[in-house]
Amino acid sequence: MKHFLNTYDYTRPELQAMLDEAKRLKESPIGEALKGKTVALLFLNNSLRTRTSFDVGANQLGGHAVVLSPSGGMWPLEFEDGVVMDGDAEEHIAEAAGVLSRYCDLIGVRAFPKFVNWEEDRKDKILNGFAKYASVPVINMETITHPCQEMAHVMALQERMGELDGKKFVLTWTYHPKPLNTAVANSALMIAAKFGMDVTLLCPTPDYVLDQRYMDIARQDTSGQGRSLTVTHDIEEAYSGADVVYAKSWGALPYFGNWEPEKPIRDAHQHFIVDEKKMAMTNDAVVSHCLPMRRNVKMTDAVFDSPACMAYDEAENRLHVQKAIMKHLLG
Amino acid sequence: MKHFLNTYDYTRPELQAMLDEAKRLKESPIGEALKGKTVALLFLNNSLRTRTSFDVGANQLGGHAVVLSPSGGMWPLEFEDGVVMDGDAEEHIAEAAGVLSRYCDLIGVRAFPKFVNWEEDRKDKILNGFAKYASVPVINMETITHPCQEMAHVMALQERMGELDGKKFVLTWTYHPKPLNTAVANSALMIAAKFGMDVTLLCPTPDYVLDQRYMDIARQDTSGQGRSLTVTHDIEEAYSGADVVYAKSWGALPYFGNWEPEKPIRDAHQHFIVDEKKMAMTNDAVVSHCLPMRRNVKMTDAVFDSPACMAYDEAENRLHVQKAIMKHLLG
Amino acid sequence: MKHFLNTYDYTRPELQAMLDEAKRLKESPIGEALKGKTVALLFLNNSLRTRTSFDVGANQLGGHAVVLSPSGGMWPLEFEDGVVMDGDAEEHIAEAAGVLSRYCDLIGVRAFPKFVNWEEDRKDKILNGFAKYASVPVINMETITHPCQEMAHVMALQERMGELDGKKFVLTWTYHPKPLNTAVANSALMIAAKFGMDVTLLCPTPDYVLDQRYMDIARQDTSGQGRSLTVTHDIEEAYSGADVVYAKSWGALPYFGNWEPEKPIRDAHQHFIVDEKKMAMTNDAVVSHCLPMRRNVKMTDAVFDSPACMAYDEAENRLHVQKAIMKHLLG
């Protein structure tokens, strides 16, 4: 059985086939590939774009989406096998996944980290539990990675630039008042590496380097294609000659769950904002962000509202790539 | 691009064309006018009737509704241009509206006042922000006015009475334990004026007169058609010879955000309830209320359950007029 | 007008006809019986299985489901006639039911007890209010009984065992840290009696016997078919020769709303867990539970994961029986 949990489970040609299908669906959005099928969309966290684009996408393909968004929190789930469930958990993930599989043909799962213990969060238990126990395909709608966003991003890049191999891709950390999820950063790094770009991770200090798991995957993909993965804290080095600038804020993993001492570091790096001066150092780079985005905090209006910015196209492409992914899984 | 934000943006013949279409749709509810189309329904406040009637209506026309109802509140939106978004707001309304426009063909917005500062609330920022930044039509699903309710009301009146010109329409304030939104009152006043009735606003004191903006619009519409707009605090004067009695409670604007001193005034006017004795003064008037309604507080059971009451028909007509409005905007 | 409020409103042949239809729908799930129809699903309590299965089922029959799930609680409803609604209630159930009837063709209602006063809760006011005031059929989606679960259960039993007459059915109370709703227990007792089984209710003490209303209905159905209804607190007596074991936890009614003194009784009966040793006393019984279920608290993994357990089939059958019920009501 196929799932869509992470792009690293797929080869570049497999992902490209889905992107090509997404481009066809963008041209011709209405179809019957999901006729008679139901997609369960389980949101353990709020969503606007993901919820809308999956629901619309399923419908445009003739299917039906059921949005499950436990208000006040779903009842606690148990993940371990063999446990005496006399604590908080009311249901084992085996049953939650197993029963949904009896009603639906596909299950999407959004489950953000709890931001207390990264060692625990990085196990991605809810997503992996659904993948283990569901008897239908499971899609990651953002957990500790966000593969649908990556796909939408690379689709937008290909629309703008065609061939991506050898382009200089810069993932730049930007300031945000709160320490955010690393999911989109992890995913941006991996997709850039997968598609043959020279990848630069620009961040304030070594504490902001991403989880070793994702750094390793990106390094493997760059080196396997003769490309580079560079970590730098030097803004000029990063931006010089860049073809793509992707902005995202995230919290530094060493401070995970103990965020107070991380705050002054973040505060000291507000100048990482993407602005016209930095963009002038690039090779006429395109720029993007996954949205929602704080204007003039992460990126200036001048950059965001310029033709270089493809954030809207990337957001729209969520619809198209997700339809292609659903078709792939149910095809 | 057309929106449906307020009835005052439309001429009476334009509104009548939508009402005529609504009557046709009431006869023949199933169609294909929205085939392949998606309607986003954004509820920043709770809803039962509006949510159901829009969803059912879109579906009956072959379309699909996506209900977006941020539990625990949507992340705060920024409305000003050029702002450094380092406060609470996580997203500018430009992006929220812009991205939804990429996924959907129509956006409905419900956004009640915050009841703290009327000068702020009367700007209707969320609705107007969506209208400004969306690239698809926007419908007001109740903000500081409720144009869909007005349309349903006038449709029910036309079903009951045929020609409305020259009828005496009384909008009567009624008691409610809490100070409520003026949206339905504003809208009732405007639609009665627009459709050529002699309009009487009955309320406890001058403090309960509606916002000058809506009073002016209503006065312009009545005087333009040789009709009258009368404000009175005299129950007998208002009810005498009335053809239509519309009941609604609202809070007095001068006390907006400082409601305590307004409470004794409201409490002293519980006798504004619509009852049989008052109805006996009318010209066999029809009576209505937008629902939900506190029985025997705003209107007695004897009146509400009498054949004169058309509240259910008005509620049902929400479905039909909204379908006509959607057809109009996407036609 | 037909409703589906409780199985005791139907004869065994009427229920069997719905079960037969459910079996046909399980074979051939896609149809048009609800084409152009809308089902309102009103959830005053959370739901995963019921919400998904009704929504999917309506859709598979060509209809449309509107899920109404008032976040933060629906506004309080008034149930008494003739009341001056100057308290909390914002809307009379007459209007809530009446207006939904204008938009939809069927209304499903989930409204759990409030767990404070059983004399009040056992009136099932919300469900009965909808049935009284709606002008379209109403389905019980779990209140103080759970007839859809019963139907799914007996469907699974018939799939496993064929003829049910004369089989020994054991409803066993099991431990749970909290005092739960008796709805599923009431329903299990009634359906077993209705379908001609010899019914044994196994519970810790006489305080755990179910409400007299349901005991009487079950006794009438068993005695009317020459079968028995036995209450026992003896585990061995109950399990010996059992053909069906149905596990469920519930709170003892004499402690309703005053749960503290009930806790030590529950705690003292954790050995009521369904385990292999108890199952060995049965006549190779099938076993089930309505889910969610605390593993190794109510039932051991060894039993739950054994071929004897039909909980997943029962859960799946919710979809099929509910479709048959909707077809029955709208046919």
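Start by selecting Arg12(A) and Asp165(A): their side chains meet in a salt bridge, 2.7 Å from N to O (a salt bridge being a side-chain nitrogen of Lys or Arg within 4 Å of a carboxyl oxygen of Asp or Glu). The model is predicted, so local features need pLDDT of at least 70 and side-chain atom pairs count only at pLDDT 80 or more, while totals for chains, interfaces and linings use all residues. Residues are numbered from 1 along each chain as its sequence is written, chains are lettered from A in the order in which they are written, and side-chain values use heavy atoms, without hydrogens or water.

**Domains of chain A**

Colour residues 7-145 and 317-330 of chain A as domain 1, and 149-314 as domain 2; such bounds come from an automatic or database domain assignment. The C-alpha centres of domain 1 and domain 2 of chain A are separated by 25 Å.

Next, show the residues in contact (heavy atoms within 4.5 Å): 30 residues of domain 1 of chain A and 37 residues of domain 2 of chain A. These domains of chain A bury about 2800 Å² between them, 58% of it on carbon and sulfur atoms. Buried area is the accessible area (1.4 Å probe) that two parts lose on being put together, summed over both. Within domain 1 of chain A, select Arg12(A), Phe115(A) and Trp118(A), which lose the most area to domain 2 of chain A and together make up 26% of what that side buries.

Between the two domains of chain A the count is three salt bridges.

**Chain A against chain B**

Now display both chains and select the contact residues, 28 from chain A and 29 from chain B. About 2600 Å² is buried between chain A and chain B, 55% of it on carbon and sulfur atoms. On the chain A side, pick Leu48(A), Arg294(A) and Tyr312(A), which lose the most area to chain B and together account for 24% of what that side buries.

How many salt bridges cross the interface of chain A and chain B? The rule finds six. To see a salt bridge here, select Glu91(B) and Arg49(A), whose closest N and O atoms are 2.9 Å apart.

Then highlight α2 (49-60), α12 (301-304) and α13 of chain A, the elements that give two or more residues to the side touching chain B. Helices here are DSSP runs (H or I, at least four residues), numbered from the N terminus. End on α2(A), which gives the most to that side of chain A, with seven residues.
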